[in-house]
Amino acid sequence: MADDAFSLTRTRAWALERLDRPLSLAELAGHAHTSVRTLTRRFQPETGRTPLQRLLEQRVDRAWELLELTDLPVDQVAERCGLGSADSLRQHLVRRVRLPPTAYRRDARRRKEARAGAEPRL
C-alpha cells in the first residue's frame, strides 16, 4: 500500500464503535492490517495524538455525551464509554474540565435549559 493511500480513518471509526470494550494497540493494528509500530508511527500525524491518547479522548467525549443526554448513573456511563469505573470517569473529567461527572451533568443541563429559554436571534 502506498504511503499516500494509507489512512487510519476506518480503524478510528471501528474503534469508536467499540469504546465500551478494552482495545489494545495490537487489536487496532490488526484492524488496520499493519504492525503496532506502523500504526503508532502513522496515527499521530493523522490525529495529533497517540492511538491510546486518542482512544481515551474519545471515551471522555462519549462520557460527556452520555452525561448530557441520559440519566444513566455515573458508573453505567463509565462502563459504556470504556472508562471502567465511576472513579476513573471522575478522574478523567476533573482533569479535562475540572468538574466531577454529577457537576458536569448539572451544568450541561442548565446550559441546555438556558438555550431553550433564550429568545431567537435574527
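Is Y104 buried or exposed, and what is its relative accessible area? Y104 is buried, with a relative accessible area of 8%, where buried denotes under 20% relative accessible area, exposed over 50% and partly exposed the range in between, computed with a 1.4 Å probe on protein chains only. The model is predicted, so that local features need pLDDT of at least 70 and side-chain atom pairs count only at pLDDT 80 or more, while totals for chains, interfaces and linings use all residues. Residues are numbered from 1 along each chain as its sequence is written, and side-chain values use heavy atoms, with hydrogens and water left out.

The structure holds 1 aromatic pair. The ring centres of W64 and Y104 lie 6.0 Å apart and the ring planes meet at 20°, so the pair is stacked; rings of Phe, Tyr and Trp (for Trp, the six-membered ring) pair if their centres lie within 6.5 Å, and planes under 30 degrees apart count as stacked, over 60 as edge-to-face and the rest as tilted. Because W64 belongs to helix α4 and Y104 to helix α7, the pair ties together parts that are 40 residues apart in sequence. Helices in this description are DSSP runs of H or I with at least four residues, and strands are runs of E with at least two, numbered from the N terminus.

Two packed helices are described by the angle between their axes and the distance between the axes. The axes of α4 and α6 come within 11 Å and cross at roughly 95°, the axes being lines fitted to C-alpha atoms, for helices over the stretch in contact, with angles running from 0 to 180 degrees between N-to-C directions. On the α4 side the contact (heavy atoms within 4.5 Å) is made by L56, E57, V60, D61, A63, W64 and L67, and on the α6 side by L89, H92, L93, R96 and V97. By class, the contact of α4 with α6 has 8 nonpolar, 1 polar and 3 charged residues, where Ala, Val, Leu, Ile, Met, Phe, Trp, Tyr, Cys and Pro count as nonpolar, Asp, Glu, Lys and Arg as charged, and the others, Gly among them, as polar.

The axes of α2 and α3, for their part, come within 8 Å and cross at roughly 85°, which means that α2 is roughly perpendicular to α3. The residues in contact are L25, A26, L28, A29 and A32 of α2 together with V36, L39 and T40 of α3, and by class this contact has 7 nonpolar, 1 polar and no charged residues.

Not counting residues up to four places away in sequence, V77 touches A63, L66, L67, L72, L89 and R105. E27, found in helix α2, is partly exposed, with a relative accessible area of 39%. With residues up to four places away in sequence not counted, E27 touches W14 and P22, and a polar atom of the E27 side chain lies 2.8 Å from the backbone nitrogen of S24. The C-alpha atoms of E27 and L89, 62 residues apart in sequence, are 23 Å apart in space.

R49 lies in the loop between α3 and α4 (51–69) and, at 34% relative accessibility, counts as partly exposed. Leaving aside neighbours within four places in sequence, R49 is in contact with F43, Q44, R54 and E57. The side chains of R49 and E57 make a polar contact at 3.0 Å, a polar contact being a pair of N or O atoms within 3.5 Å, of which, within protein, one must be able to donate a hydrogen and the other to accept it, and for which residues adjacent in sequence count only if both atoms are side-chain atoms. H33, in the loop between α2 (25–32) and α3 (36–47), has a phi near 55°, a positive value in a residue other than glycine, and counts as exposed at 73% relative accessibility. R98, in the loop between α6 (86–97) and α7 (101–117), likewise has a positive phi, near 60°, in a residue other than glycine, and is exposed, with a relative accessible area of 68%.

Terms used:
Parallel < 35°, antiparallel > 145°, perpendicular 65-115°, else oblique.
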